[in-house]
Amino acid sequence: MAKLDLPANKWPTLLPFIYECCNHAETVRREVGVYVLDSLFETIADQMAENIPQLLELFSRLLRDPESHQVRVATVRALGQVAELIDTDDKQNIAAFQSLVPDMGQVLEQSLERGDEDSASSCFEVFNTLLLFETPLLSRHFSELIGFAVKVGCNTEMDDNLRIMALNFLVWAATYKRSRLLKLNLVQSLIEQLMPITTEEDPADADDESPSRVALRVLNVLSTSLPPQQVFPTAIRLILQYMDSQNPMHRKGAMLALAITVEGCVDFIRSQVSDLVQLITRGMHDQDVRVRRAACLALGCIADEMDQDIAQHHSTLLPIIFELLNESETDIIKHACNALDAIVEGLSDEQIAPYMPSLMEKLVVLLDNGPMEVRPMALAAIGSAAHAAGTQFLPYFDAIIGRTKQAMSLTASASSDSGNSLTSLRGVATDTAATLAEAVGKEKFQPHLADTVKLALEGMSLDSPNLRDCGFCFFGVLSRVFSDEFGDFLPYIVPEVLKTFATEDIPSSAAALDLDGEDGDDEDDDSDDFQVSTAIADEKEVAADCVAELYRNTRSSFVPYVESITTQLLGLLDHYSDTTRKAAVAALFSFLKVTSSMAQDPHWESGKPLKVPVHQNVETMIKTIVPAILKMWEEEDDKMVVAQICTELRSTMQLVGPAVVLNGKFSITFSFHCSCGATQH
């Protein structure tokens, strides 16, 4: 009713009546009034925006309601709604809102003291949302809020759920207000206060939240969001200190902290790899199983980020990992397999040769008899071994391809284990089959080609985005191995590609919000962290990569599909996902380069006008895709997509020549101001 009547001035008494309720002597009236007022923000925001000063003055009293905690909590929620209406240049209302933040914090503290989880959750939700706004509503009290959240997160006498809320506030702060953390010199003390939390016990279920896991998440966000010199020196000092502790939980925390801080500090720590390997080796030899488990995780994380560097220490690490594969605890075996996978992938064929007999023996045992959650990792490690060994993998091929095909045929009903584990194993098997084909070559893999393609297609028919992604990757690799011979399978593969491209995918309303997450006086654009993606978007990205491979490798066999696929790729140029747009750009330019290569035009000559005409097919392709990409370029705001356009345009002009920019009624103007804020770079 308010949504319809207030804009038409048909209910002028509503807001005065609600104000009267909020100021009423009876507690129940005040509670009803503030609840109704809160609900009206979603329906009559424009009318509420006209009354922000009056609302802030009203809420300043309600935050201190002497009788009702519910009134105070509802007021905090309503202030979260008011915050959305305050413009960045509205200094008066910004200052008024900032003056209310301490009282809002008091309401949150009261909720925590009462153990009122629902009220505390409501208050933290408001504070988390305020971190996202460009308007600097929290900047005046930011340091105090961080200190309060740390104090709550470290309080082991408080309920874990309440501690987790406080620590999640720190995750949001590290993500969206990193520059303020730096400006206020809060990073070092924050790391120092978070480290003790990492030593706490975690629940057995890996999906359950705990203070320790959220504290580690804060450390991870700090390491990936801030300059490494601001994070790693403090972290490694504490890690070394904790590793010398007699308490195994301290050593466990040290290994986990190392695992999650590596991601953002790779280049910074590259010179320290030998020292880190020694440190992790200590952890893997630790008498406490929790420390060994954490050390395996740390090794896997470092090996994922720095595989070539870690692979140089194979003589030290692989014997220890082989021992850990004999452990009885599943988590240790899983992490050991992950580490093994990453290390083996970085080895040359000569380096891996001495390890192959014992390596394959252990991995096959795990693949055949290990826990279901370990088998995908064992098979992935076998694939990495095949990739590293190349033709030296031939003695093991027959035994492994049979197991791989069996895993590619698994369905959720084939076992009592969870469908997710089976789907994971089937996806890894599909990837491994492609790796085996590349390792042993098409002659050895030929007898298994039709079977594996059939199994990959069957997997794509199941309700699993992961299996569709794996299928597209498989087809791309197999086309590379078999070239034009793979053309016979295109009538079965291309419909799957078109099905993926035609699938509608819309990001959730929460994910699609355009939020800057920036303080008015911060210097960096923290909104760069706000990326949107969905499983369908990822699938379209992989499908675009796949068709580029298919056309590049099957050439004339793919020609009947070029027009329809090109149309779909052009439609992806304005997709909401930056990685999908990037893949579409790469695929379209790849189509142009392949078309030019097949045309076998005379070598181009520089200069204008065009001196060497191109084939009609090439000219048509240029006129079809280049104008669309140039138009996209003018509006593109993602740096990586712009970089992809520039890279592809350069390589395409080197192959095709000036026809790329001289054909048709368009031209390239090298004006940097229109591309991704390039004037700033």
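**Ground rules.** I am working with a predicted model, where local features need pLDDT of at least 70, side-chain atom pairs count only at pLDDT 80 or more, and totals for chains, interfaces and linings use all residues. Residues are numbered from 1 along each chain as its sequence is written, and side-chain values use heavy atoms, with hydrogens and water left out.

**Whole protein.** I found 35 helices and 0 strands; these are DSSP runs numbered from the N terminus, helices being H or I of at least four residues and strands E of at least two. Of the 681 residues, 53% are buried (under 20% relative accessible area; exposed is over 50%, partly exposed in between, with a 1.4 Å probe and protein chains only). I noted an accessible surface of about 30,400 Å², with 49% of that belonging to carbon and sulfur atoms (Shrake-Rupley method, 1.4 Å probe; for residues, only the protein chains shown count as cover). Among contacts with a separation of 6 or more, 72% join residues 24 or more positions apart; contact means heavy atoms within 4.5 Å.

**Helices α9 and α10.** I looked up how α9 (residues 142-154) packs on α10 (residues 160-176): the angle is about 140° and the axes are 8 Å apart. Axes here are lines fitted to C-alpha atoms, for helices over the stretch in contact, and angles run from 0 to 180 degrees between N-to-C directions. The residues making this contact include Phe-142, Leu-145 and Ile-146 of α9, and Leu-162, Arg-163 and Ala-166 of α10.

**Val-214.** I found Val-214 in helix α13 (residues 211-225). Val-214 is buried because its relative accessibility is 0%. Its neighbours, leaving out residues up to four places away in sequence, are Ile-164, Leu-167, Asn-168, Val-171 and Glu-209. Val-214 and Ile-164 are 50 residues apart along the chain, yet their C-alpha atoms are separated by 6.6 Å.

**Ser-122.** Is Ser-122 buried or exposed? I have it as buried, because its relative accessible area is 17%. Ser-122 sits in helix α8 (residues 117-130) and touches Val-73 and Arg-77, not counting residues up to four places away in sequence.

**Helix α20.** In α20 (residues 314-324), I listed buried residues including His-314, Leu-317 and Phe-322. Their cover includes α18 (289-305) and α21 (330-345).

**Val-28.** My last stop was helix α3 (residues 27-40), which holds Val-28. Val-28 counts as exposed because its relative accessible area is 55%.
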